[in-house]
Amino acid sequence: MAKVKTAFFCQNCGTQYSKWQGQCTSCKQWNTIVEEVVQTPEKSDWKSPTSTVKQVSKPLKINEIDSSQDIRLNSLDEEFNRVLGGGIVPGSMILLGGEPGIGKSTLLLQIALTLPYKTLYVSGEESQKQIKMRAERIQPNSDNCYILTETKTQNIFKQIEALEPDIVIVDSIQTLHSDYIESSSGSISQIKECTTELIKFAKETATPVILIGHITKDGNIAGPKILEHMVDTVLQFEGDRNHVFRILRAHKNRFGSTNELGIYEMQGSGLREVNNPSEILISKKDEELSGNAIAATLEGVRPLLIEVQALVSTAVYGTPQRSATGFNAKRLNMLLAVLEKRAGFRLGAKDVFLNITGGITVDDPSIDLAVVASILSSNEDVAIPKDFCFAAEVGLSGEIRPVQRVEQRILEAEKLGFSTIFVSKYNKIALKKSNIKVQLISKIEDLVGFIV
Ligand code: TYD
Ligand code: MG
């Protein structure tokens with residue numbers, strides 16, 4: 001019998017070592033190196049029957065991409081198409097990551113069921129019956145969708161050869177194993193090997209492959225970072241499991257921009273595409289409540305109006321609490337310091353809680369002004385008129401700074417029926433005629449004058 005060959009892999013970055021060591025020299029993590037059995041006899045993974053070789057795809061530079069996009073496969077899911085940059089590129093390898101239970105399997109099964117192409121959905125996690133049950137919740141009928149429950153790549157390729165699907169979906173890469181590697185499924189060497197085999201298949205037959213990948217506690221795709229380097233597109237499916245909204249983002253996309261964003265709503269019958277997110281992210285209340293402000297943010301290139309809620313109350317304990325959901329807590333502290341120093345509000349002895357509604361997280365700095373407005377409104381217990389919205393960044397000296405694509409935000413606010421939008425005086429606005437009043441402000445004190 002051949003000698004068992006082993007190697008050592010860093011579980012964090014995937015670097016291979018010939019002997020064990022305490023610290024990974026590449027990513028500097030301690031105790032991440034684990035021995036795995038590897039055996040590479042004569043490699044014969046995916047053998048392409050010449051008949052199925054259609055065309056070979058190669059990664060394109062963004063600006064070399066043919067914008068006519070006629071070669072992309074249309075997934076019939078507008079949000080998914082948009083995030084991918086206009087559809088699924090033949091031969092591309094797409095990795096979809098996300099927390100357990102967020103809806104990755106649901107999303108891809110739904111896409112598999114609606115795709116007008118012959119689709120093979122390979123699952124290593126659920127039985128065919130379970131998938132059928134899930135499918136019945138989503139969409140009962142599909143003639144093009146084949147379900148295979150198999151984890152061995154060699155067997156999967158055998159089935160692919162027989163079926164010749166136009167698209168392959170694998171749920172999940174961590175459950176696959178290849179005969180050529182002896183370590184268990186989910187180990188670094190298995191993930192690497194199975195991905196390599198699938199990439200080879202994808203590139204040689206121009207068949208797109210979509211992989212589901214689990215993520216670790218800290219939000220990275222489980223397995224080596226190299227997995228992300230190997231695939232063409234990395235999508236992240238995120239959201240708060242207790243909320244209905246799910247956001248699909250591209251972290252990496254060789255065939256399009258990473259700015260685009262897809263929004264879904266989880267319903268009893270699968271995921272629904274949300275075409276006008278602003279409308280549902282803003283609660284339609286009749287009464288005006290203090291502490292609420294609407295921010296005109298931009299997610300990717302899409303304007304998105306979201307509601308910010310603040311609660312300022314006298315601290316019961318010695319140290320005031322500051323807590324933020326969906327917003328950077330450090331940035332909240334900074335804005336509080338600016339309010340204290342530049343506008344003279346004594347917030348040092350107050351608890352401040354901030355919440356972005358809808359369970360989404362915003363990094364766009366243009367939300368600053370709405371945060372400040374909501375804090376002021378709660379502190380003074382004065383409601384902000386519900387047809388006001390805000391779009392500006394706040395600087396350390398209390399200046400209101402301009403934000404990008406302000407016209408687009410103004411138009412979106414106008415469309416949704418807002419009467420006034422507060423933006424920085426330094427924004428160059430080239431709007432011709434609009435029904436919304438654009439209030440230009442330059443300092444945080446100006447804002448105070450308007451709302452309290
Ligand atoms: P799932 O796709 O299994 O998550 P993942 O593959 O990312 O682990 O999603 C499971 C969750 O979605 C589960 O908590 C139930 C919910 N769900 C719905 O709310 N409606 C539906 O129609 C389906 C199929 C799932
Ligand atoms: Mg799943």
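Is Ser-442 buried or exposed? Select Ser-442: at a relative accessible area of 9%, it is buried. Buried means under 20% relative accessible area, exposed means over 50%, and partly exposed is in between (1.4 Å probe, protein chains only).

This is a predicted model, where local features need pLDDT of at least 70, side-chain atom pairs count only at pLDDT 80 or more, and totals for chains, interfaces and linings use all residues. Residues are numbered from 1 along each chain as its sequence is written, chains are lettered from A and ligands numbered from 1 in the order in which they are written, and side-chain values use heavy atoms, with hydrogens and water left out.

**Stop 1: around Ser-442**

Stay on Ser-442. The residue sits in the loop between strand S21 (437-441) and helix H11 (444-451). Helices (H or I, at least four residues) and strands (E, at least two) are DSSP runs, numbered from the N terminus. Now show the contacts, meaning heavy atoms within 4.5 Å. Leaving out residues up to four places away in sequence, Ser-442 touches Gly-398, Glu-399, Ile-400, Lys-425 and Tyr-426.

**Stop 2: the nine-stranded sheet**

Select the open sheet with strand order S6-S5-S7-S8-S4-S9-S10-S11-S12. Its nine strands show mixed pairing. Two strands pair if DSSP finds at least two bridges between them. Strand S6 (145-149) and strand S12 (270-273) are at the edges; each has a single partner strand, so one side of each lacks a neighbour in the sheet. On average, neighbouring strands here are turned by 25 degrees against each other, direction ignored.

Pick S4 (residues 93-98) and S9 (residues 233-239). They pair in the parallel sense over five bridges. Leu-95 has Val-234 in S9 as its bridge partner.

**Stop 3**

H3 lies across strand S5 (119-123), S6 and S12, and runs at about 150 degrees to S6. Axes are lines fitted to C-alpha atoms, for helices over the stretch in contact, and angles run from 0 to 180 degrees between N-to-C directions.

Next, select helix H2 (residues 104-114). Ten of its eleven residues are buried, among them Lys-104 and Gln-110. The axes of H2 and H3 are 10 Å apart, and the helices pack at about 70 degrees. H2 and H3 are therefore roughly perpendicular, a label for angles of 65 to 115 degrees; under 35 is roughly parallel, over 145 roughly antiparallel, and the rest oblique.

Show the side chains at this contact. From H2, Ser-105, Thr-106, Leu-109, Gln-110 and Leu-113 meet Ile-131, Arg-134, Ala-135 and Ile-138 in H3.

**Stop 4**

Move to strand S13 (residues 292-299). Eight of its eight residues are buried. In a regular strand the side chains alternate between the two faces of the sheet. Asn-292, Ile-294, Ala-296 and Leu-298 point one way from S13, while Ala-293, Ala-295, Thr-297 and Glu-299 point the other way.

S13 runs antiparallel to S14 (residues 302-314), joined by eight bridges. Thr-297 has Leu-304 in S14 as its bridge partner. The two strands form a hairpin with two residues between them, and Gly-300 in the turn has a positive phi of about 70 degrees.

**Stop 5: backbone details**

Zoom to the peptide bond from Asp-171 to Ser-172. This bond is cis, with omega near -5 degrees. Ser-172 is in the loop between strand S7 (167-171) and helix H5 (188-205).

Finish at Lys-28, a residue other than glycine with a positive phi near 65 degrees. Lys-28 is exposed, with a relative accessible area of 52%.
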